[in-house]
Amino acid sequence: MYYHRQLEKKIREIAKEYACITLYGARQTGKSTMIRNLFPEYEYVTLDDARERMLAADDPNLFLDAHGTPLIIDEIQKASGLMEAIKIRIDEAKLNSVTEDSPAGLMYILTGSNTHEIREGAAETLAGRTAIIEAASFSGCEKIKEEGHEFVPDIEVLKSRQNRLLPKNRYEIFEEIFLGGMPEYWVSRPDRDTFFDSYISTYLEKDVSRMINVGRLDDFRRFMRIMALRTSQQLDYTEMGNAVGIDSRTVKNWISVLESSGIIMILQPYVNNLAKRIIKTPKMYFMDTGLCAFLCGWSDAGILEASVMAGAFFETYVVSEIVKSIRNAGKRTENCLYYYRDRDQKEVDLIYVKDQKLYPIEIKKGIGRDKADKNFRILEQYKMPVETGLIIDTSDKIFPLNREAYYCPVGMVGL
């Protein structure tokens, strides 16, 4: 059974404008399945195939001649030299299209799982020739086959969408958190331990081993677990290094590996020259709560909900859903999502920045916390308009806490 993805709309739009599309993201997020469903008439080749990979690396032009266009190339990071050959072919096609007065059309779709390597390679080699899009695992809307939208924390926009809300109780929410959003696991529900063990082994062997010393893969596996236990927390490089037995410089390098692979996302603090007391340490979130729960050793959604990490997992889930909704609209999160914490321990979980306006957001797994918005006013120091804030929780409808803040059900994120 195929689950349609919110990102499909954006891909169809850019397919009319570009000669190449580069789609990247973590493993098992359904990139290849989505692309092959959208473009069934395109030839598909994966560089996981050793013969194809060797040909692509040894003779890129012969590889491209053998397959022609239009062509889907999966795991493009395994033959980065192909991008230069693709660039030349696109330029030739564009020149011919001008001469013959006919559009070149979409020629290549490139997909892969090493986000940094692909994004940087495409941005440098194929600049102006390819659209670069990031894919994530299933969003909440995709799981229930509902049309999703980019999350915008404007209270009037959210109210206009509330009639589509399907309320979930806390048990249902934590069951979804526990399962995560990897398409194959969500749809087929294979044995959980086998699936995630295989996922981690494949990730280590195919992605991580290309970026760190192979002899340290066991250390990296332990490092992943340490990171999972710290999801939604500020990064303390020294503390994490001591827990694994590595130095802080290695911790930073390995965090960049997890981020470049799409396993985690890093949330930066919102700072400017007016905010001298801001703690400038970033926070970290796992992008798939199912993988995170497995790494932490939780075996049941009920046990997770009752644990001391329940709040951290709920926050991770909300942040990841917001990030997915923005990425599914074909946009980046680096310039719109931040958090706030200062040396007086005043904190705002999320700050959404749009059009020089600040939207404060608190994330609470409970309901009815009267002072949930107590730190929103601290953002006035930035001398920018502070809009109506949100407290995203497990309530069943949007309703006001006061004139400056509204409770918002978690199910509204991305709806």
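**Group meeting: a walk through the model**

Let's start at Gln 6, in the segment before helix α1 (7-15). Helices here are DSSP runs of H or I with at least four residues, strands are runs of E with at least two, and both are numbered from the N terminus.

A quick word on the source. This is a predicted model, where local features need pLDDT of at least 70, side-chain atom pairs count only at pLDDT 80 or more, and totals for chains, interfaces and linings use all residues. Residues are numbered from 1 along each chain as its sequence is written, and side-chain values use heavy atoms, with hydrogens and water left out.

Back to Gln 6. Is Gln 6 buried or exposed? Gln 6 counts as buried because its relative accessibility is 16%. Buried means under 20% relative accessible area, exposed over 50%, partly exposed in between, with a 1.4 Å probe and protein chains only. A polar atom of the Gln 6 side chain lies 3.4 Å from the backbone oxygen of Gly 148.

Next, helix α4, residues 60-67. Pro 60, Phe 63, Leu 64 and His 67 are buried there. They are on the same side of α4, because they cover an arc of only 95 degrees around the axis. That arc is taken from the directions from the helix axis to the C-beta atoms. On the other side of α4, Asp 65 and Ala 66 are exposed. Gly 68 follows α4, with a positive phi near 65 degrees.

Now the rings. How many aromatic pairs does the structure hold? The count is 16. Rings of Phe, Tyr and Trp (its six-membered ring) pair if their centres lie within 6.5 Å; planes under 30 degrees apart are stacked, over 60 edge-to-face, the rest tilted. One cluster, linked by ring pairs, has Tyr 185, Phe 195, Phe 196 and Phe 294.

Charges meet rings too. Lys 145 has its charged end over the ring of Tyr 3, 4.5 Å from the centre. For Lys 283, the ring is that of Tyr 339, at 5.3 Å. The test: NZ of Lys or CZ of Arg within 6 Å of the ring centre and within 35 degrees of the ring normal.

Last, the sheet. Six strands form an open, mixed sheet, in the order β8-β9-β10-β11-β13-β12. Its edge strands are β8 (337-341) and β12 (399-402), each pairing on one side only. Pairing takes at least two DSSP bridges between two strands. β12 and β13 (residues 405-409) run antiparallel, joined by three bridges. Pro 400 has Tyr 406 of β13 as its bridge partner.

How values were computed. Polar contact = N/O pair within 3.5 Å; in protein donor to acceptor, adjacent residues only side chain to side chain.
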